[in-house]
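Please look over the model shown here before reading on, with attention to its charged residues and to a few points of its backbone. The paragraphs that follow take these topics in turn.

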Amino acid sequence: MNPVPLTWRLLTAEELTKVYLDEMRRDFPQSELKPLSMILNSEAAGTAHTWGIYDGDALVAYLLMVRPVGCTMSQLDYFAVLPRYRASGLGAALLAELPGHENGCQAILIEAECPEKAEDEAMAVRRLGFYARCGAVDVGWTEHLFDAWFRVLVLPCGRTTPDAETTVQGLADCYRRTMGDPQWKKHVTFYRPDGAEARF
């Protein structure tokens with residue numbers, strides 16, 4: 001499928017609710033899904049937004065982004081292509097287009113589940129491979145978020161890829177602005193490649 005004629009637009013609260021109920025509950029395990037009320041509140045507060053990708057009137061994919069006011073990077077929260085449009089290369093094409101839609105953004109921050117900690121190790125390996133093929137760089141850091149473990153990746157929005165320290169500081173800034181102190185420090189911990197805990 002050629003993604004060029006597809007239309008990107010920000011979803012309304014009503015449209016996002018429908019996507020959550022009809023699509024996200026199918027596409028993501030319950031353990032990975034934030035409550036709908038939390039997502040809607042974040043959008044209403046201006047700390048998040050959701051792109052709907054359309055072929056005419058038909059939704060083909062969606063991307064939930066976190067970008068609080070003052071953040072220079074956007075965090076990819078949820079991303080899925082609807083089942084009937086999968087296995088066509090569309091996901092990779094849309095991810096490649098994403099930086100162009102996040103106006104003024106220095107980079108896209110991505111958290112990918114650590115395969116060795118995942119319930120479905122094979123799926124976690126496939127996700128990492130997908131992001132790598134799309135140009136995302138694994139910065140070598142890990143993140144403990146609530147009860148899950150993630151690799152920290154970055155997708156550059158320009159010609160320069162932020163270094164590891166800058167990338168993780170950007171992700172910490174997103175959490176600081178969305179969760180506030182002391183909650184984000186209680187629930188989010190970053191570890192350097194050598195396993196040392198990082199303090200921000």
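Where does glutamate 116 lie? In this predicted model, glutamate 116 is placed in the loop between strand S5 (107-113) and helix H4 (121-133), and because its relative accessibility is 57%, above the 50% cut-off, it counts as exposed. Together with Glu119, Asp120 and Glu121, Glu116 forms a negative surface patch.

Leaving aside residues up to four places away in sequence, glutamate 23 touches Lys18, Leu59, Tyr62 and Leu82.

One of these contacts, lysine 18, takes part in a salt bridge with aspartate 22, in which the closest N and O atoms are 2.7 Å apart. The two residues are 4 positions apart in helix H1, so that about one helical turn separates them. Lysine 18 is exposed, with a relative accessible area of 53%, whereas aspartate 22, at 38%, is partly exposed. A further salt bridge links arginine 26 to aspartate 27, with 2.9 Å between the closest N and O atoms; here arginine 26 is partly exposed at 42%, while aspartate 27 is buried at 17%.

In helix H5, arginine 177 and aspartate 173 also lie 4 residues apart, about one turn of the helix, and they form a salt bridge whose closest N and O atoms are 3.0 Å apart. Arginine 177 counts as partly exposed at 41% relative accessibility, and aspartate 173 counts as buried at 17%. Elsewhere, salt bridges with shared partners join Glu23, Arg26, Asp27 and Arg86 into one network, and the count of salt bridges comes to 11.

Finally, aspartate 181 and proline 182 are joined by a cis peptide bond with omega of about 0°, and proline 182 has its place in the loop between helix H5 (164-179) and helix H6 (183-187).

Conventions:
Residues numbered from 1 in each chain as written. Predicted model: local features only at pLDDT ≥ 70, side-chain atom pairs only at ≥ 80, totals over all residues. Heavy atoms only, no water. Contact = heavy atoms within 4.5 Å. Patch = residues over 30% accessible without salt bridge, like charges linked within 9 Å, V, L, I, M, F, W, Y side chains within 5 Å. Areas by Shrake-Rupley, 256 points an atom, 1.4 Å probe, with all protein chains shown as cover. Salt bridge = Lys/Arg side-chain N within 4 Å of Asp/Glu carboxyl O. Lys, Arg positive; Asp, Glu negative; His and termini not counted. Charge placed at Lys NZ, Arg CZ, Asp CG, Glu CD. Buried < 20%, exposed > 50% of the residue type's maximum accessible area, 1.4 Å probe, protein only.
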